[in-house]
Amino acid sequence: TKEAGQLVFFLHGYGGSASDVAWVAEDLRKRKLAESTTIVTIDGAYALGTARCWGDEPAEYEDSIERVSAFIRKHAAGRPREKVFVAGFSQGAQIAIRVATRTPEVGGAILLGGCRLETLPASQPVRMLFVHGRQDRICDFAQAENVARAAEAQGHRVEFVPFVGDHVIYKEYVNVGVAVD
């Protein structure tokens with residue numbers, strides 16, 4: 001049988017939706033990822049009018065982390081962990097880093113413009129790619145850089161890619177392939 005490809009679960013930012021980040025999945029497919037890669041966009045559990053989020057308080061964040069982890073465990077069953085990634089933008093990155101360090105089925109995290117990032121020791125090291133704008137006015141650049149250093153000190157394999165720009169998904173994230181190859 002054909003070997004299973006990579007599986008990337010993508011989490012949108014606060015006030016977004018899975019359909020808002022579908023262009024990222026399509027762009028990655030065109031530019032970097034093998035045809036065998038599957039990208040799944042996930043909607044946040046909490047409603048904000050017609051948009052979604054991952055919560056507004058710690059209990060809601062924990063609920064979102066558990067929901068995403070359960071979804072990944074279900075859909076990544078039997079796949080080697082080095083082929084399973086969770087990616088997120090802004091608040092989605094906040095959830096993604098926690099999912100990556102708590103869910104043994106996940107081998108890597110792609111963190112784009114993450115807010116309120118923290119890293120926790122994992123039973124096995126996780127590959128982490130941070131992509132963050134130096135002029136980000138919403139999610140602090142220095143905080144993301146410090147979390148990346150802390151993650152590396154905890155034994156995670158980390159790459160930090162700064163760019164000149166604000167709180168956006170950096171269109172030229174050419175190094176993304178390093179995290180998922």
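Analyst: What covers the buried residues of α2 includes β1 (7-11), β3 (46-48), β5 (84-89) and α3 (91-102). Helices (H or I, at least four residues) and strands (E, at least two) are DSSP runs, numbered from the N terminus. This is a predicted model, where local features need pLDDT of at least 70, side-chain atom pairs count only at pLDDT 80 or more, and totals for chains, interfaces and linings use all residues. Residues are numbered from 1 along each chain as its sequence is written, and side-chain values use heavy atoms, with hydrogens and water left out.

Helix α2 spans residues 58-75, 18 residues in total. From first C-alpha to last it reaches 26 Å, close to the 26 Å expected at 1.5 Å a residue; the expected span is 1.5 Å times one less than the number of residues.

Its buried residues are Tyr61, Ser64, Ile65, Val68, Ser69 and Ile72. They cover an arc of only 130 degrees around the axis, so they sit on the same side of α2. The arc is taken from the directions from the helix axis to the C-beta atoms. The face turned away from that side carries the exposed Ala59 and Lys74. Buried means under 20% relative accessible area, exposed over 50%, partly exposed in between (1.4 Å probe, protein chains only).

Ile72 also belongs to the largest nonpolar core, of 30 residues. Such a core is a set of buried Ala, Val, Leu, Ile, Met, Phe, Trp, Tyr and Cys residues joined through side-chain atoms within 4.5 Å. Ile72 is among the members that touch the most others, with Leu11, Val86, Ile95, Val99, Met128 and Phe130. The elements giving two or more residues to this core include β1, α2, β5 and α3. The largest share, six residues, comes from α3.

Note on methods
Contact = heavy atoms within 4.5 Å.
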